[in-house]
Amino acid sequence: MLDAPVLIGVTLAVMYFMWTDMELRRVEGAALITVYVLYAVIRITLTR
Amino acid sequence: MSIIILLLLFAVSLIGVIKSADIFVDRIVDIGRALGISQIILGVTVAAAGTSLPEFGSAVISVLTGNPDLGVGVVIGSNIWNIAGIIGISAILSCAVTTNRDEIRRDGLFGLLSILILTLFMFMGPVGPLTGLVLIALYGVYLWILIKKQRGYYSSHLMDHGEVDVKTVIYAITGFLGLVVFCRILVYSAVGIAEVMNVPEMIIGLFALAIGTSLAELVVAVNSAMKHMCSLSLGDRPW
């Protein structure tokens, strides 16, 4: 149940970041990586 | 089988899958060019589908060998990793990943639409042939739009025609067979690891297989980011 919302969320986030100024900056990249790490931790923890 | 042997098998088969896919795609392009297949079709299909061949192969083999969770895990996990992980790493390593509004509209909307359709069908029940047909149709529309867009580029960049030699065909067949065999070993070792570590197959698919099969994209993205060819990192992202 977590996978599809995360996938939709990160897709929308990248589209929004890109749409605003046609660039994805370092801080936005760091935010994406943070979201991915959090998702991995939560997903694995919930499964165990 | 011990976990060390399984991990070793996983690593070796992963390298084998990526290398086989690379050989297969290269030779198919050579053969297609020699047979006079349009450069537009070759360029678009190889760019769009060629880089995802390891994910595609391991997902198909997973489903065919009775491990659908692993297959679904690879597909969804690869998408999340490609968008959040690879694009994120590219942005951190480079100046900034750039794009244009046309790419966001086309690639972003098609990516989003395919996820929404898949999610909708998953909520309605088991994913069946109808879902597959709808998604393949959507992908066909996406390819058609890409081909239309690329027509101008290829008409102004004429490419040389080659000849199909036996060596190229043998390489293509070897690449394809290698892809199938290594994908089978990869799935076998992934299922083994899941059993030994008592982890659901879905988790192995979502993370280990998804990140592993996207290693080639990661290398391309990191290289292009280090050379400040930022838009290449986004273009490599297979929506």
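Modeller: B:Ala172 counts as buried because it has 20 C-beta neighbours inside 10 Å. The cut-offs are these: a residue is buried if 20 or more other C-beta atoms lie within 10 Å of its own, exposed if 12 or fewer, and partly exposed in between, with C-beta atoms placed from the backbone. The model is predicted, so local features need pLDDT of at least 70 and side-chain atom pairs count only at pLDDT 80 or more, while totals for chains, interfaces and linings use all residues. Residues are numbered from 1 along each chain as its sequence is written, and chains are lettered from A and ligands numbered from 1 in the order in which they are written.

B:Ala172 lies in helix H7 (residues 166-197) of chain B. Helices (H or I, at least four residues) and strands (E, at least two) are DSSP runs, numbered from the N terminus. Leaving out residues up to four places away in sequence, B:Ala172 touches B:Phe24, B:Arg27, B:Ile28 and B:Ile31; two residues are in contact if their C-beta atoms, placed from the backbone, lie within 7 Å. B:Val29 is 143 residues from B:Ala172 along the chain, yet their C-alpha atoms are separated by 9.7 Å.

Next comes the nonpolar core. Such a core is a set of buried Ala, Val, Leu, Ile, Met, Phe, Trp, Tyr and Cys residues joined through C-beta atoms within 7 Å. The largest one has 62 residues, and those with the most contacts inside it include A:Val10, B:Ile80 and B:Leu186. Helix H4 (residues 68-93) of chain B gives the most to this core, with 13 residues. Neighbours within four places in sequence aside, B:Ile80 is in contact with A:Val6, A:Leu7, A:Val10, A:Tyr36 and A:Tyr39.

The contact between the chains takes 28 residues from chain A and 28 residues from chain B. Helix H1 (3-21), strand S1 (23-24) and helix H2 (26-47) of chain A each supply at least two residues of the side that touches chain B. H2(A) gives the most to that side, with 13 residues.

The chains also meet through strands. Two bridges join S1(A) to strand S1 (residues 97-98) of chain B, and the two run antiparallel; strands pair if DSSP finds at least two bridges between them. A:Leu24 stands opposite B:Val97 in S1(B).
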